[in-house]
Amino acid sequence: MGKTYARFTGAPLKVHKITNPWRSPSGTLPALRTSHGEVISVPHKIITHLRKEKYNADYDLSARQGADTLAFMSLLEEKLLPVLIHTFWVDTKNYVEVTRKWYAEAMPFPLNFFLPGRMQRQYMERLQLLCGEHRPENEEELEKELYQEARECLTLLSQRLGSQKFFFGDAPASLDAFVFSYLALLLQAKLPSGKLQAHLRGLHNLCAYCTHILSLYFPWDGAGVPPPRQTPAGPETEEEPYRRRNQILSVLAGLAAMVGYALLSGIVSIQRATPARAPGTRALGMAEEDEEE
Amino acid sequence: MSLVAEAFVSQIAAAEPWPENATLYQQLKGEQILLSDNAASLAVQAFLQMCNLPIKVVCRANAEYMSPSGKVPFIHVGNQVVSELGPIVQFVKAKGHSLSDGLDEVQKAEMKAYMELVNNMLLTAELYLQWCDEATVGEITHARYGSPYPWPLNHILAYQKQWEVRRKMKAIGWGKKTLDQVLEDVDQCCQALSQRLGTQPYFFNKQPTELDALVFGHLYTILTTQLTSDELSEKVKNYSNLLAFCRRIEQHYFEDRGKVLKKHSRWYF
């Protein structure tokens, strides 16, 4: 999302593709190292920072639209994010066939063995905490409720978008970056069990919206969002003198490529100390086996 | 509730009219209830007043445990028990009363989004302040939360709840926030609400909706609860249209109907 926003505003952004979260300056992805050497890693803060540096896609928005942006972002975070987490990390088929493969292929040996598993556990715990207060008795019921709320949320978005090109008229704003990063991921990933995807495909104006943005800002990505490892170092060649508005469009393009990371890994804080845990648990598993013998 | 149960409840709800003896349960007003729960309870009360539905407020120390979802407030209507504003709005709608029928689709979408904004930012900030800010926890929260129970239960319950809330804060990324950042977020949220409200009497012009009830619940509670410092209420006071909004609803839906929003002795406005 940070990258999309940067694209939107044409901020000169050098994207370093790091697959190893430990090499990131702050230990999390995405991380933005500013010209002052500061490191910011929360997507919202990245956007705030870019705004301060005068790259502002929301410049032309009225106060009321700014308020709407905040409201809709909250809506998405509250309703859509848990379901996305569920779709990619908790739903077994999806996890095994898509998510784990993505991460395993993108990470260097030997991280690819245990890091995806650890991320999965963290996500499951997070999901439990977020929704666990409600009714933890029945997993299936919880799932159904989650998906129903997500479907409602998507329908609401569709209604709000109507037949406009972007949420606030003809030029993209940060809300568009936000929404796009969620929707693009959902649309493009080839999920074996994609109930939410099916619903999203039924909302034609949202699909058109995504394809429109993709074609405008991510022309080289072709038909879809490639898995993170294939992302070209395209953003670094973005020195062509586009007008600010066009630059805004290209920001979106870079973001879509980074969407996988920005969305899924940006919210996970991987601290340096904890990785030791995973090999530890493995060792424990082996020790137990030894004991049994 | 599950979809089937919801449909079932709706059917039953639709069958009977709103009774005279409907009750709302919350924790003890004077000694026990906390900021966030009070805000939620007030929001529901405001909503029911706006719908012209009579409700009696009953205070019980174990209201949290009586509630079907573990959250207060909950209402007992006929032989059904419904908790939290969202489900209560649905329940009331099934009985034929609704405040948002006059809105078109886009407005309904906006209403839902703003309600999420309030829940996401204001409610979370209230929880943070109550349970993660050491000063408030020590001076106010622990004492209040466990007050109806004897020692050592009061401490155990308070610590348990604190641990639960802190876990949740960590999960949503608020664990590392400082108080200043939280107050910043509250300010942003209030600014958004203020901008959306503008000069209108209610968020969707002439008639109040559940969004107005929710915002009133939270803002009024923030303004009238005395905490260790005034920073939280100062953030809200910066926006005069929000203050006027709260005053308007208090006057129109509570004082004019003879219901005094009982002000706790430690509150001030």
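This report describes the interface between chain A and chain B and the aromatic pairs of a predicted model.

## Basis of the description

Residues are numbered from 1 along each chain as its sequence is written, and chains are lettered from A in the order in which they are written. In this predicted model, local features need pLDDT of at least 70, side-chain atom pairs count only at pLDDT 80 or more, and totals for chains, interfaces and linings use all residues, while side-chain values use heavy atoms, with hydrogens and water left out.

## The interface between chains A and B

Chain A contributes 29 residues and chain B 26 residues to the contact (heavy atoms within 4.5 Å). The buried area, defined as the accessible area (1.4 Å probe) that two parts lose on being put together, summed over both, is about 2600 Å² between chain A and chain B, and carbon and sulfur atoms give 57% of this area.

There are 2 salt bridges between the two chains (a side-chain nitrogen of Lys or Arg within 4 Å of a carboxyl oxygen of Asp or Glu). One of them joins the side chains of Arg160(A) and Glu110(B), at 3.6 Å from N to O.

## The chain A side

On the side of chain A that touches chain B, at least two residues each come from helix 3 (63-90), helix 5 (111-131) and helix 6 (139-161) of chain A; helices are DSSP runs of H or I, at least four residues, and strands are runs of E, at least two, numbered from the N terminus. Helix 3 of chain A gives the most, with 12 residues.

Ser74(A) lies in helix 3 of chain A. Because its relative accessibility is 4%, Ser74(A) counts as buried (under 20% relative accessible area, with exposed over 50% and partly exposed in between; 1.4 Å probe, protein chains only). Residues up to four places away in sequence aside, Ser74(A) touches Glu116(B), Leu117(B) and Asn120(B).

## Aromatic pairs

Over all chains, the count comes to 5 aromatic pairs; rings of Phe, Tyr and Trp (its six-membered ring) pair if their centres lie within 6.5 Å, and planes under 30 degrees apart count as stacked, over 60 as edge-to-face and the rest as tilted. Tyr25(B) and Phe74(B) are stacked, at 5.0 Å centre to centre and 10 degrees between the planes. This pair links distant parts of the chain, 49 residues apart: Tyr25(B) is in strand 1 (residues 23-26) and Phe74(B) in strand 3 (residues 74-77) of chain B. Tyr25(B) is buried at 15% relative accessible area, as is Phe74(B) at 4%.

Phe216(B) and Tyr220(B) form a tilted pair, at 5.2 Å centre to centre and 35 degrees between the planes. Both residues are buried, and ring pairs link Phe216(B), Tyr220(B) and Phe254(B) into a cluster.
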